[in-house]
Amino acid sequence: MKRILLLANGPGELWCWVRPMIPALGERGFEASLRLLPCQYASGKEKDIAGGMVEGGVEPPMSVFAALAGKRGGGYDAVLQLGGDLLFGLAFSARNRAPLFCYTYAPKPLLNRCDGVFSAFDGACQFGGAVRDKLLVVGDLVADALAMDGGEFRWTPGRSPRIVLFPGSRGEIRSAALPFITELAGRIKERLPQSEIVVVLSPFSEPWEEGKWKSPCLRAVAAPTGSILKGADFAVTQPGTNTLELAYSLVPGIVVVPFAFLRRIPLPGFLGLLGSLPVAGPALKERILRRRNGDKGFLAWPNRIAGREVMPEMVGDITAADVADRAVALLGDEAGLREIRAGLEKIPRSPGAAGRIAVRLSGLVG
């Protein structure tokens with residue numbers, strides 16, 4: 001049996017990329033192992049979640065220095081990196097004398113050093129010539145992960161519209177967002193008393209959080225996202241993987257980034273170190289992010305793929321009332337909702353990316 005090492009970093013990559021990839025590799029005769037990489041967006045629950053995906057358990061995230069200096073090879077026949085700094089992949093590839101493959105949405109440093117590159121969308125022109133020769137467009141693993149979300153979610157009969165709120169995968173952000181989302185839900189409920197509003201708790205949340213979020217206006221659940229979205233009419237979310245799940249489920253929504261939470265947004269590398277400085281760090285982080293806002297481009301993945309605002313984005317000094325009023329206005333604009341759904345339908349969604357990657361790797365790895 002061929003052995004393959006998967007490397008992954010954040011919660012989105014672990015849940016939506018690694019989760020469908022492991023069974024697909026098993027079907028092609030691979031024995032998969034998993035190592036976690038550091039990530040500024042980590043929830044702290046990655047080790048526990050990852051441990052349930054592969055046999056033998058998973059160690060906590062390692063530093064790049066530990067990866068480069070480590071002596072344990074593991075005898076892998078291939079390395080597949082699903083997110084994170086490719087220095088890690090190159091280190092494990094060299095130690096095992098095994099080819100390195102990478103799945104990515106966009107160009108990243110050291111990608112030309114990989115033996116093969118897989119991407120979700122047919123935008124090969126964005127990759128340099130050295131990478132294009134190694135590139136295979138396979139589709140989005142998020143669509144595969146969404147298809148794994150089985151079970152039936154029971155919405156309350158007679159309630160409409162059905163609205164989904166996503167508070168994020170990091171506990172710190174969820175706690176900070178609780179008053180904002182509670183006010184948002186309350187204002188929507190005042191305007192649309194027959195609505196049902198569900199807060200979807202991340203798989204990386206704690207079991208006791210359902211009780212923390214419970215209120216007369218909110219129903220907190222930890223059910224699979226795919227099962228919830230099958231019956232949803234509208235959503236409010238942060239940027240991230242959830243925007244792709246909404247696109248593939250054809251659920252219109254708003255992507256929201258209130259500047260009130262800028263001090264809690266993690267930053268990578270040196271900027272992250274600056275933001276962690278005592279006293280002055282959070283204020284410095286907020287200043288950096290405010291300045292970046294003018295050059296940010298689109299935040300939601302459907303908008304980035306389409307090159308235009310398919311899913312409305314609200315970014316800035318916005319309040320819960322601002323978001324609620326926009327949501328209510330959109331829910332009353334059937335033509336506007338149809339336009340958003342039509343835009344989402346154009347986002348490539350072909351499932352089966354994990355199988356295509358596994359087939360390709362099986363043919364390349366002896």
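The structure, a predicted model, holds zero disulfides, a disulfide being defined as a pair of cysteine sulfur atoms within 2.5 Å. Cys102 is in no disulfide, and the nearest cysteine sulfur, belonging to Cys114, is 4.9 Å away. Cys102 counts as buried, with 0% relative accessibility, whereas Cys217 counts as partly exposed at 22%. These classes refer to relative accessible area, with buried under 20%, exposed over 50% and partly exposed in between (1.4 Å probe, protein chains only).

Six strands form an open sheet with parallel pairing, in the order E9-E8-E7-E10-E11-E12. Strands (E, at least two residues) and helices (H or I, at least four) are DSSP runs numbered from the N terminus, and pairing requires at least two DSSP bridges between two strands. Strands E9 (219-221) and E12 (313-316) each have a single partner strand and stand at the edges, so one side of each lacks a neighbour in the sheet. From one strand to the next, the twist averages 20 degrees. Strand E11 (residues 253-258) pairs with E12 in the parallel sense over four bridges; Val255 has Glu313 in E12 as its bridge partner.

Helix H14 (residues 320-331) packs on this sheet and touches strands E7 (162-165), E10 (234-237), E11 and E12, contact meaning heavy atoms within 4.5 Å. The direction of H14 makes about 170 degrees with that of E11. Axes are lines fitted to C-alpha atoms, for helices over the stretch in contact, and angles between N-to-C directions run from 0 to 180 degrees.

Residues are numbered from 1 along each chain as its sequence is written, and side-chain values use heavy atoms, leaving out hydrogens and water. Local features need pLDDT of at least 70 and side-chain atom pairs count only at pLDDT 80 or more, while totals for chains, interfaces and linings use all residues.
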